[in-house]
Amino acid sequence: MTASGKLTTIRMPPLPTIGEIIKLFNLRAMKQLSQNFLLDLKLTDKIVRKAGNLNNAYVCEVGPGPGGITRSILNAGVTDLLVVEKDTRFIPGLKMLTEASMGKVRIVHGDILTYRMERAFPKHLQKQWEDDPPNVHIIGNLPFNVSTPLIIKWLEQVANRNGPFTYGRTQMTLTFQKEVAERMIASTGSRQRSRLSIMSQYLCNVKTCFIIPGCAFIPKPEVDVGVVHFTPLIQPQIEQPFKLVERVVQSVFQFRRKYCYRGVGILFPEAQRLQLTEQMLLLADVDPTLRPGELTIAHFRSLCNVYRGLCDQDPSLFTYNFREELRLKKLCKKKPSKECTVEDINLTESY
Ligand code: SAM
């Protein structure tokens, strides 16, 4: 910072282009790691602009790879940039950026799925949850098979205010397969409405910033990519434990095309199913003939609150596992009940 308080962005010395870095260190994208690189710095600048004002910010970039987004983050005037990269081949190229930025880039060679971010940045950055978001940001273009489990983990940490959210309402700007991005922002009644819509929207303000066509990546993935920005809400729209919300939402969406009472039913053991499903829907004031995609977040809030009450009365309900019951029935070669047949259930459905 200058005496007048104005920010000075460090000018980095001339560096090889990302394409040259890839050639220099022989960084062929590995298909098994779903690596797709962005070489166009105008595009990486555009992604980084969507994170907001990064002047003096503390940023964690996940999966920097050859460093295109990393350079754009540095050019945005950050104070500290922590990069977490799993693939050792990228470390020498990233070290060049550490030197060029006079130590602003800190490199962690590790897996973001297990990396603990709560001590990554100085304590003084911590803000109260109700305050404006802290000057801590997460940015990343990760492989699709990592970004979805990662956002579920981070959403749980938003709910529990731990991990990266020990600093307050840390904002995230991440890429997802376009269809996944669409599910995250899908509104009530839309075709893409899914588990991911409810889980993301009850905790965060979620917006898709723009779509990157697959052809912008090297090598080109088979799908287009959405850049999504998340700001945790001060007040979550459902105030129940994350695991409870996840359980209700997962059950309801288990039968996507059926009336919602079918999904609600699998929260309960067969012997009590009819009675408790009716009771839950009645108390929650939810029309049993609405389809899962037609339910609003307010509907899910009532369902979760009522389910919480039922579990408080009988804690064994929370440990009831419909899939396990179904599996055992299959093993015993018993015919599953008419209420829930194996064919009705998409057992492989993921977020
Ligand atoms: N950010 C670079 C870009 O946009 O050109 C690379 C993007 S590439 C899709 C994903 C990057 O994430 C790769 O560098 C890959 O090695 C890294 N990666 C994959 N899984 C990871 C994990 N679990 N933890 C940290 N990095 C990971």
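How many salt bridges does a search of the whole structure find? The search finds 10 salt bridges, a salt bridge being a side-chain nitrogen of Lys or Arg within 4 Å of a carboxyl oxygen of Asp or Glu. Side chains of opposite charge can pair when their charged atoms come close. Several of these pairs are stops on this tour.

**Before starting**

The model is predicted: local features need pLDDT of at least 70, side-chain atom pairs count only at pLDDT 80 or more, and totals for chains, interfaces and linings use all residues. Residues are numbered from 1 along each chain as its sequence is written, and side-chain values use heavy atoms, with hydrogens and water left out.

**Stop 1: the whole chain**

Display the entire protein chain as a cartoon. The C-alpha trace spans about 70 × 45 × 30 Å along its principal axes. The chain has 13 helices and 9 strands; these are DSSP runs numbered from the N terminus, with helices (H or I) of at least four residues and strands (E) of at least two. Of the 351 residues, 49% are buried. Here buried means under 20% relative accessible area, exposed means over 50%, and partly exposed lies in between (1.4 Å probe, protein chains only). Among contacts between residues at least 6 apart in sequence, 69% join residues at least 24 apart, where contact means heavy atoms within 4.5 Å.

**Stop 2: the two domains**

Select residues 18–232 for domain 1 and residues 242–339 for domain 2, and colour each separately. The bounds come from an automatic or database domain assignment. The centres of domain 1 and domain 2, taken over C-alpha atoms, are 35 Å apart.

**Stop 3: the interface**

Turn next to the place where the domains meet. In domain 1, 15 residues are in contact with 14 residues of domain 2. The size of an interface is often given as the accessible area lost when the parts come together. Between domain 1 and domain 2, about 1,300 Å² is buried, 70% of it on carbon and sulfur atoms; buried area is the accessible area (1.4 Å probe) that two parts lose on being put together, summed over both.

Between the two domains there are 4 residue pairs in polar contact, both residues being at pLDDT 80 or more. A polar contact is a pair of N or O atoms within 3.5 Å; within protein, one must be able to donate a hydrogen and the other to accept it, and residues adjacent in sequence count only if both atoms are side-chain atoms. On the side of domain 1 that touches domain 2, helix H5 (144–160) and helix H7 (195–201) are the elements that give two or more residues. The residues of that side divide into 7 nonpolar, 4 polar and 4 charged. In this count, Ala, Val, Leu, Ile, Met, Phe, Trp, Tyr, Cys and Pro are nonpolar, Asp, Glu, Lys and Arg are charged, and the others, Gly among them, are polar.

Which residues form a salt bridge with closest N and O atoms 3.4 Å apart? Select glutamate 156 and lysine 243, which form this pair. The rule finds 1 salt bridge across the interface.

**Stop 4**

Select aspartate 111 and lysine 86, whose side chains meet in a salt bridge (3.7 Å, N to O). Aspartate 111 is in the loop between S4 and strand S5 (136–140), and lysine 86 is in the loop between strand S3 (80–85) and H4, 25 residues apart. Aspartate 111 is partly exposed at 25% relative accessibility, whereas lysine 86 is exposed at 54%.

Continue to helix H13 (residues 322–331), where glutamate 324 and arginine 327 lie 3 residues apart, about one turn of the helix. Their side chains meet in a salt bridge (2.8 Å, N to O).

**Stop 5: backbone features**

Most residues other than glycine have a negative phi, and most peptide bonds are trans. Select isoleucine 218 and proline 219: the peptide bond from the former to the latter is cis, with omega near -10 degrees. Proline 219 is in the loop between strand S8 (217–218) and strand S9 (225–232).

Then select asparagine 56, in the loop between helix H2 (41–49) and strand S2 (58–62). Asparagine 56 has a positive phi of about 65 degrees although it is not a glycine. Is methionine 102 buried or exposed? Methionine 102 is exposed, with a relative accessible area of 64%, and has a positive phi of about 55 degrees.
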